[in-house]
Amino acid sequence: MEARQSRPPLPPFDREAAIKKVRLAEDAWNSRDPERVSLAYTTDSAWRNRAEFVTGREAIVQFLTRKWNKELDYRLIKELWAVSGDRIAVRFAYEWHDDSGHWYRSYGNENWEFDSDGLMRRRHASINDLPITEKQRKYFWPLGRRPDEHPGLSDLGL
């Protein structure tokens with residue numbers, strides 16, 4: 001049996017804790033490391049990502065591996081939308097290009113539900129892809145964590 005790990009901040013979340021949780025999630029996803037990202041979820045975590053349904057950490061790792069093999073030079077910004085108890089609503093936008101060099105900005109909303117250890121047990125994501133030109137890009141930091149001084153979604157008018 002796997003030992004339970006705590007992932008602070010823990011619910012119930014206040015606004016400050018939720019903002020921290022959102023940034024920790026953003027940082028993990030910007031690592032583009034499926035194994036690292038999967039550790040923030042319960043072993044039986046259930047996702048809806050667009051029209052795909054994913055259950056469990058191994059499936060999450062497989063999903064993210066496929067995702068980042070397709071979505072190249074991925075850079076993400078998340079922003080808290082709302083928080084209540086063990087639930088957080090997030091809006092996000094990320095930029096990426098395909099293997100033909102076509103750029104996209106993907107916009108979306110996520111609803112998250114956490115267990116008492118701060119692991120996400122449910123994630124529902126709705127996402128739309130917008131083709132953009134190189135000149136329309138807004139995310140230029142080096143791959144990895146978004147620098148603290150880089151503007152967020154609201155600051156960028158997204």
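Which residues line the largest cavity? The model is predicted: local features need pLDDT of at least 70, side-chain atom pairs count only at pLDDT 80 or more, and totals for chains, interfaces and linings use all residues. Residues are numbered from 1 along each chain as its sequence is written, and side-chain values use heavy atoms, with hydrogens and water left out.

A search of the whole structure finds one cavity of 30 Å³ or more. A cavity is a set of points, on a 1 Å grid over the protein atoms alone, where a 1.4 Å probe fits but cannot get out; lining residues have an atom within 4 Å of a point. Grid points are joined across faces, edges and corners, and a volume is the space filled by probe spheres set on the points. The largest cavity has a volume of about 60 Å³. Its lining consists of Trp 29, Asn 49, Lys 67, Tyr 74, Leu 76, Lys 78, Phe 92, Tyr 94, Glu 110, Arg 123 and Ile 127. Two or more of the lining residues come from each of β3 (72-84), β4 (87-97) and β6 (120-132). β3 gives the most, with three residues. Strands are DSSP runs of E, at least two residues, and helices runs of H or I, at least four, numbered from the N terminus.

Pro 11 lies in the segment before α1 (15-31). Pro 11 is buried, at 18% relative accessible area (buried means under 20%, with a 1.4 Å probe and protein chains only). Beyond its neighbours within four places in sequence, Pro 11 contacts Gly 85, Asp 86, Phe 114, Asp 115, Ser 116 and Gly 118 (heavy atoms within 4.5 Å). The C-alpha atoms of Pro 11 and Asp 117 are 7.8 Å apart, across 106 residues of chain.

Terms used:
Buried < 20%, exposed > 50% of the residue type's maximum accessible area, 1.4 Å probe, protein only. 1 Å grid on protein atoms, 1.4 Å probe; cavity = no way out; pocket = protein on both sides within 12 Å on 5 of 7 lines; lining within 4 Å.
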